[in-house]
Amino acid sequence: MTTPAAPGAARPPLPLLLVLLLAAAFAARLGFCLLFPQSSPGGGIEAQCHPESGVCGTLAVTRCLVAGNRMTGIAVHGADAMVASTVVRDTRSQESDGASGRGIDAECLPAACGALNVTSSLVSGNHDTGIYVSGMEATVMDSTVRDTLPEEGSESAGRGINAQCHSDG
């Protein structure tokens, strides 16, 4: 018989369940997952269009914890992404120059531009920007973005949500 852990005692990590559905145009679904960096630079989840063919797909992240990564928690470049009932927290800036540290980073590519939907999620304690959107159509509903810190290198920004037109240069 095991004794229950005392309040505040360390608990073993929950299992990671990762389901990837791949096709000609990728479709990736992550649900009920914990994602922590295994090493430095330690970016979290990244989805982008194929650089040569330009084929894009979709990313769905549901009921996940993405924590303690470097540079970005969730990065989406050109693809469509849905983040629901997810916590993205404590993303640190890059070790090399102290730049970035965004919770969610969604940007168009020169040949492709998707859409970002964030619902019922918490984006907290990240650096630079909680949710950064460049050129993409984005919807943020029933979500909280809080406690965004400046970049570690420049001490600039510290924005909750930043939405801007796309710039190629």
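The following questions and answers go through a predicted model of one protein chain. Residues are numbered from 1 along each chain as its sequence is written, and side-chain values use heavy atoms, with hydrogens and water left out. In this predicted model local features need pLDDT of at least 70 and side-chain atom pairs count only at pLDDT 80 or more, while totals for chains, interfaces and linings use all residues.

Trainee: How many helices and strands does the protein chain have?

Mentor: Helices (H or I, at least four residues) and strands (E, at least two) are DSSP runs, numbered from the N terminus. Along the sequence the pattern is β-β-β-β-β-β-β-β-β-β-β-β-β-β. The count is 0 helices and 14 strands.

Trainee: What percentage of the residues in the protein chain is buried?

Mentor: Buried means under 20% relative accessible area, exposed over 50%, and partly exposed in between (1.4 Å probe, protein chains only). The protein chain has 169 residues, and the buried share of them is 38%.

Trainee: Which residue in β8 stands opposite Ile74?

Mentor: β5 and β8 pair in the parallel sense over 5 bridges. Ile74 belongs to the residues that touch the most other members of the largest nonpolar core. The residue opposite Ile74 in β8 is Ile104.

Trainee: Is Glu151 buried or exposed?

Mentor: Glu151 lies in the loop between β13 (144–146) and β14. The relative accessibility of Glu151 is 14%, so Glu151 counts as buried.

Trainee: Which residue has the backbone nitrogen that the side chain of Glu151 reaches at 2.8 Å?

Mentor: Contact means heavy atoms within 4.5 Å. Leaving aside neighbours within four places in sequence, Glu151 is in contact with several residues, among them Ser93, Gly98 and His127. The C-alpha atoms of Glu151 and Gly101 are separated by 6.7 Å, though these residues are 50 residues apart along the chain. The backbone nitrogen reached at 2.8 Å is that of Ser100.

Trainee: With which side chain does the side chain of Asn162 make a polar contact of 3.3 Å?

Mentor: A polar contact is a pair of N or O atoms within 3.5 Å; within protein, one must be able to donate a hydrogen and the other to accept it, and residues adjacent in sequence count only if both atoms are side-chain atoms. Asn162 is in strand β14, and at 10% relative accessibility Asn162 counts as buried. Leaving aside neighbours within four places in sequence, Asn162 is in contact with Thr129, Ile131, Tyr132 and Val133. The 3.3 Å polar contact is with the side chain of Arg159.

Technical notes: Core = buried A, V, L, I, M, F, W, Y, C linked by side-chain atoms within 4.5 Å. Pairing = 2+ DSSP bridges.
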